[in-house]
Amino acid sequence: MSVAANTEGSVDSRNKTSDSGLKWKPFALQLYRLIVLVAIVLLIRDHRTRLRIEADAPITVPEVRTWFPAARAVELDKEKGGLFVLDDARQPLGYEDEKAAFFILDDARQPLGYVIRTRPVCDHVVGYAGPTDTMIVFDNAQTVRAVKIRSSPDTITHVGDVVGDPFFLEKWNGKSWNQVAAMTLKKEEIDSVSGATLTSMAIAQSITLRLRATEDAALHPPVRFTPRDLGLMGALLLAVTVAFTSWRGSKWMRRVLQVTAVGYVGLINGDLIAQSLLSGWAASGVAWRLAPGMALLVAAALVVPWTTRRALYCQYICPHGAAQEFLHTIKPRAFSLHLPPSLASGLRWLPFFLLVISIAVTMLLLPLDLAGIEPFDAYLIRSAGKATIAIAIVGLVASLFIPMAYCKFGCPTGALLEFLRSHGRSDHFGKRDIAAAFLVLLTVVLYHGHATISAWIAGLQ
């Protein structure tokens, strides 16, 4: 009897140890995946901050000659900070600090006007993918004469929409310094540019805040809730409700989600999670003050699958996923297509290679619009580029033959969210985790070898 009892006790002890190991294994995997993501984000953020500091772009005389043809120099307004003053040969004559403001002088050193820029004071005002450097030109009475975008890490399409808008950049013309500084976006009814909401609103906020910064450099914009944010939060609340209740298996509720995802989140709201957004926020910070609804959506898309195994964004909110799902339910049976296992296995690596491209573009500042490698901007029909429209169409057509074809074989954002997703006790360290370690290594190499790699790329051109 005692031998049997000892044997049973030993077995129970081993079982308890085994159960304990099983409990810790998924937690360790999820912690590893979180560390991978955080490591990449921190490397990107530190790298882009370093590049900005090392290669700032002070205002030059040729830039202001558009409005003052007689300009021959820009000289510091010593009451508002230091500056880099450049001559016609772009040679630095001085140093520029955060509050730099410039007198525009003619040959006789008589003032023609006044000019300031929004960066770096307003670097915390992040648009779709980062802060936009905007120049505000004044006449001698300190009345706004012009507003011009100097540079922006936002997508080429979004910036192009703002520049191409015939009214947006002229909203401040004719207003005094104090009038602009006192403006609020809601009170003054400053409308965003269709298709470039976050970019245009960030520019508008940075202009008003920059003018206030001469009095208070630490000024930050308030958190701004708009109907757009509230609508996005409503869609998120609906998705969470369905994902975590018995409604998850309801066919009619799936139709409601599809209509909400495609009709509202996609075609009306247009704020979608994409590589262009994630890379921009990783490099410049999250636009939680300007777009709290979008910030909450991204947080939920990352945290929920990491903690609960629910693919919240991909399965319940993404309009392209909803459109594919709907097309699959109505397609003729004859449209079914089964890929050879070897081909399907190879195609599943495409999202990973697109993630490699996203990291390379972000770290090396390559002239590639990341919006063009995914279909999500296609839902902003009036401003969508040809590449993103083509990818959207191909993905939808493919879904008629292969269920959720784009999600399986083409979506880098979906691959990132799926990487973070927990699979419970059945989870194990696999190919995706090895691939993620490679992405960290790639980011480290690009971080330390940026100068050498950039010089090599320039030599190929």
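**Cavities and a pocket in a predicted model**

By class, six nonpolar, five polar and three charged residues make up the lining of the largest cavity.

The space in the largest cavity comes to about 120 Å³. Its lining has 14 residues, and those nearest the centre are Y128, H158, G270, D271 and L380. Helix α5, residues 197-212, gives the largest share of that lining, with three residues.

How many cavities of 30 Å³ or more does a search of the whole structure find? There are three.

The second largest cavity holds about 40 Å³ of space. Among the residues lining it are R254, L257, Q258 and A261, along with C314, Q315 and Y316. Three helices, α7 (251-269), α10 (312-316) and α11 (319-330), each contribute at least two lining residues. Of the elements involved, α7 has the largest share, four residues. Sorted by class, this lining has seven nonpolar, three polar and two charged residues.

Now to the second largest pocket. Its space is about 970 Å³. The lining of this pocket runs to 37 residues, and R48, R119, S152, P153 and L365 lie nearest its centre. Which elements each supply at least two residues of that lining? They include the strand β5 (144-151) and the helices α1 (2-54), α3 (156-164), α8 (275-284) and α13 (350-364). As for class, 15 of the pocket's lining residues are nonpolar, nine are polar and 13 are charged.

Methods:
Residues are numbered from 1 along each chain as its sequence is written. This is a predicted model: local features need pLDDT of at least 70, side-chain atom pairs count only at pLDDT 80 or more; totals for chains, interfaces and linings use all residues. Side-chain values use heavy atoms; hydrogens and water are left out. On a 1 Å grid over the protein atoms alone, a cavity is a set of points where a 1.4 Å probe fits but cannot get out, and a pocket is an open set with protein on both sides within 12 Å along at least five of seven lines; lining residues have an atom within 4 Å of a point. Grid points are joined across faces, edges and corners, and a volume is the space filled by probe spheres set on the points. Ala, Val, Leu, Ile, Met, Phe, Trp, Tyr, Cys and Pro count as nonpolar, Asp, Glu, Lys and Arg as charged, and the others, Gly among them, as polar.
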